[in-house]
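Dear colleague,

Please find below the structure that I am handing over to you, followed by an account of what was found in it. I would be grateful if you could read the two side by side.

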Amino acid sequence: TRIEDIPIDDLVYALGDDDDDYDDYDNDDDDVLTNGGLGYPFSPVAAVPPVIVPVSIRDDVHVVLGRTEVYVHEGDVPGDMYQIKLSHAPTDVVSVAIHFDAPEQMTSNPTLVRIDPGAWDTFHPVSVNAIQDDDLEEATSFTLSHTVSSSDPNFDGIDAEDVRVYFTDDEETPFEAFVVPAVDGDYQSVELAFYYESQ
């Protein structure tokens, strides 16, 4: 069959075809061109597949922390502080949620840092405090972690460095006295032994 013998209304050139045949359609609205694994409604004009523009994903974006260690003492207000900003400008708001491995012991203000595209290079302060209680606790450390989310695929779900929180308690071991008793009713010098331990 010569191409000039084919009625123009029945002729469609299928982009993506892997053979030299032409595709014959009856020009109904329900016809679908599926050559090359693509599918889109029939058109009397040559079918053009959609153009897919890939999103460029950077591998160098990250959350910038002003400090990675803070020191808090129970009862101190305000507590210690660190700062958060971004390494690059995002296309949308980036949210950084703050978590503790011991949420019954520690808290932060705020608990969620929202970084606007226009303020990506400005440090956002975060205050870290110990929750007041009456328990006697040893000095220890906790981990503060971050979860990053955004509609910008460059930042959504990226890892962020942890902050180590060093904690000391405000409850203290009271003074204790040990008295050396007299022997056989004789006067003896009295020795008092005091000790103080700060937790």
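**Salt bridges and the strands they connect**

Arg67 has a relative accessible area of 28% and is therefore partly exposed; buried here means under 20% relative accessible area, exposed over 50%, and partly exposed in between, with a 1.4 Å probe and protein chains only. Please note that the model is predicted: local features need pLDDT of at least 70, side-chain atom pairs count only at pLDDT 80 or more, and totals for chains, interfaces and linings use all residues. Residues are numbered from 1 along each chain as its sequence is written, and side-chain values use heavy atoms, with hydrogens and water left out.

Arg67 forms a salt bridge with Asp80, and their closest N and O atoms are 2.8 Å apart. The term salt bridge stands for a side-chain nitrogen of Lys or Arg within 4 Å of a carboxyl oxygen of Asp or Glu. This pair links distant parts of the chain, 13 residues apart: Arg67 is in the loop between strand S5 (63-65) and S6, while Asp80 is in strand S7. Strands (E, at least two residues) and helices (H or I, at least four) are DSSP runs, numbered from the N terminus. Asp80 counts as buried, at 16% relative accessibility.

The structure holds 2 salt bridges. Another salt bridge is formed by the side chains of Lys85 and Asp121, at 3.3 Å from N to O. Lys85 is buried, with a relative accessible area of 17%, whereas Asp121 is partly exposed at 45%.

**A buried glutamate**

Glu74 is placed in the loop between strand S6 (69-73) and strand S7 (80-86). The side chain of Glu74 does make a polar contact of 3.1 Å with the side chain of Gln132. A polar contact is a pair of N or O atoms within 3.5 Å; within protein, one must be able to donate a hydrogen and the other to accept it, and residues adjacent in sequence count only if both atoms are side-chain atoms.

The loop between S6 and S7 also contains Pro78, and the peptide bond from Val77 to Pro78 is cis, with omega near -5°. A cis peptide bond also joins Asn109 and Pro110, with omega about 0°; Pro110 lies in the loop between S9 and S10.

**Sheet and overall fold**

An open sheet of 4 strands has the order S5-S7-S11-S9, with antiparallel pairing; two strands pair if DSSP finds at least two bridges between them. S5 and strand S9 (106-109) are the edge strands, each pairing on one side only. S5 and S7 run antiparallel and are joined by 3 bridges, and Val63 stands opposite Leu86 in S7.

The protein chain has 0 helices and 15 strands. Of its 199 residues, 32% are buried.

With kind regards
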